[in-house]
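Visitor: I would like to go through this structure term by term, and to hear on what grounds each word is used. Could you take me through it?

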Amino acid sequence: RLKRVRQYWNAFKFGYQKLRRRRFDLVIFPRWDADYYYGAMSAYFSGACWRVGYSKNSTPKKKAFNPHIDKLFTHIIDDSTAKHEVEHNLDIIRYLGGVAQEEHLELWLGPDDETFAEQLLNSYKVNRGDLLIALGPAARAGRRRWPLANFVELGCWFQKQYQAHLVVVGGKGEENIGRELEQRTGGYVINTVGKTTLRQTCAVLERCNLFIGNDTGPMHLAAAANVPVVEISCHPKSGYPAHTNSPIRFRPWRVRHAVLQPEKATKPCTQACTASYPHCILSVTVEQAKKVSMTLLSAMEKSTHIQNKTF
């Protein structure tokens, strides 16, 4: 309860002390699901004449956690349809009368980032035209982590089957996962976990042919880099579509991809995986990952062949 009071106070301070002095006319609060950090309160205390946000009726969880949130907005979007979060954001633009001319994700990289990626790959003797596979084995929540042994087996298969180079990506605090994967593959990987900036990671991903990983930030960075993605999800196909782990809301956006997820939850889970460790995700097999990877690589090869033939 004390934590909630502190969050209320921080939301008030940010809205009243930081935003109000700027005298904004319009504040958009795009969060569709439950507002756990009371950002809508900051919007209200900003004093903006127009405050746009999604209704409490969007999800049952939001209605229970934020029963009075609608009173903080001047304009309410009432939409309870579970769809990709990008679509929810685009719907706000449309609600305001705007038109989205481009819906793809974007990256903004500088020359230094591009140079970093080139030098890194050159140092590992990765040449243009070589097959480069990115692995994203980490995840903050334990239930979203596919076993590291599976990534090791899959990586070794790529090396043997395709003579592929492997690069492992991840953030600070996940270095032990990168090191273990590196050791268990005999050291034949480019381990960038915790060693690169966000933009450097993106520059490396841009040079990859395929990304395979858990439902995490690097997966979305790969999608933004227009790299085909194999997402390994802990959320069962039969689960609640509006859940925060649902690929319906957070799958790779506007890129060729495949989502591997459990057919149904593993007991005692029902509508979603609720474990704090790898649980429902264990039903996703390495053979499934191999199969969809081959399909995506084959489609990419055909597409490249057609482009080369055409142009």
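Guide: We can begin with helix 4, whose buried residues pack against strand 1 (26-29), strand 2 (50-54), strand 3 (75-77) and helix 10 (247-250); contact here means heavy atoms within 4.5 Å. This is a predicted model, in which local features need pLDDT of at least 70 and side-chain atom pairs count only at pLDDT 80 or more, while totals for chains, interfaces and linings use all residues. Residues are numbered from 1 along each chain as its sequence is written, and side-chain values use heavy atoms, with hydrogens and water left out.

Visitor: What makes a stretch a helix or a strand, and which residues of helix 4 are buried?

Guide: Helices (H or I, at least four residues) and strands (E, at least two) are DSSP runs, numbered from the N terminus. Helix 4 covers residues 85-95, and its buried residues are E85, V86, H88, L90, D91 and I92. After the helix comes G97, with a positive phi near 95 degrees.

Visitor: Why is T201 called buried?

Guide: Buried means under 20% relative accessible area, exposed over 50% and partly exposed in between (1.4 Å probe, protein chains only). T201 has a relative accessible area of 8%, and is therefore buried. T201 has its place in helix 8, and, leaving aside neighbours within four places in sequence, T201 is in contact with V169, T196 and L221.

Visitor: Why is helix 8 called oblique to helix 9?

Guide: The axes of helix 8 (residues 198-206) and helix 9 (residues 217-224) come within 9 Å and cross at roughly 55 degrees, where axes are lines fitted to C-alpha atoms, for helices over the stretch in contact, and angles run from 0 to 180 degrees between N-to-C directions. Angles under 35 degrees count as roughly parallel, over 145 as roughly antiparallel, 65 to 115 as roughly perpendicular and the rest as oblique, so helix 8 is oblique to helix 9. The contact is made by L198, T201, C202 and L205 of helix 8 and by P218, L221 and A222 of helix 9.

Visitor: How do the residues of the contact of helix 8 with helix 9 divide by class?

Guide: They divide into six nonpolar, one polar and no charged, given that Ala, Val, Leu, Ile, Met, Phe, Trp, Tyr, Cys and Pro count as nonpolar, Asp, Glu, Lys and Arg as charged, and the others, Gly among them, as polar.

Visitor: At what angle do helix 5 and helix 8 cross?

Guide: The axes of helix 5 (residues 111-123) and helix 8 come within 8 Å and cross at roughly 55 degrees, and helix 5 and helix 8 are therefore oblique to each other. D113, E114, F116, A117 and L120 of helix 5 meet R199, Q200, A203, V204 and E206 of helix 8 in this contact, which has five nonpolar, one polar and four charged residues.

Visitor: Which peptide bond is cis, and what is its omega?

Guide: The bond from K267 to P268 is cis, with omega near 10 degrees, and P268 is found in the loop between strand 9 and helix 11 (286-310).
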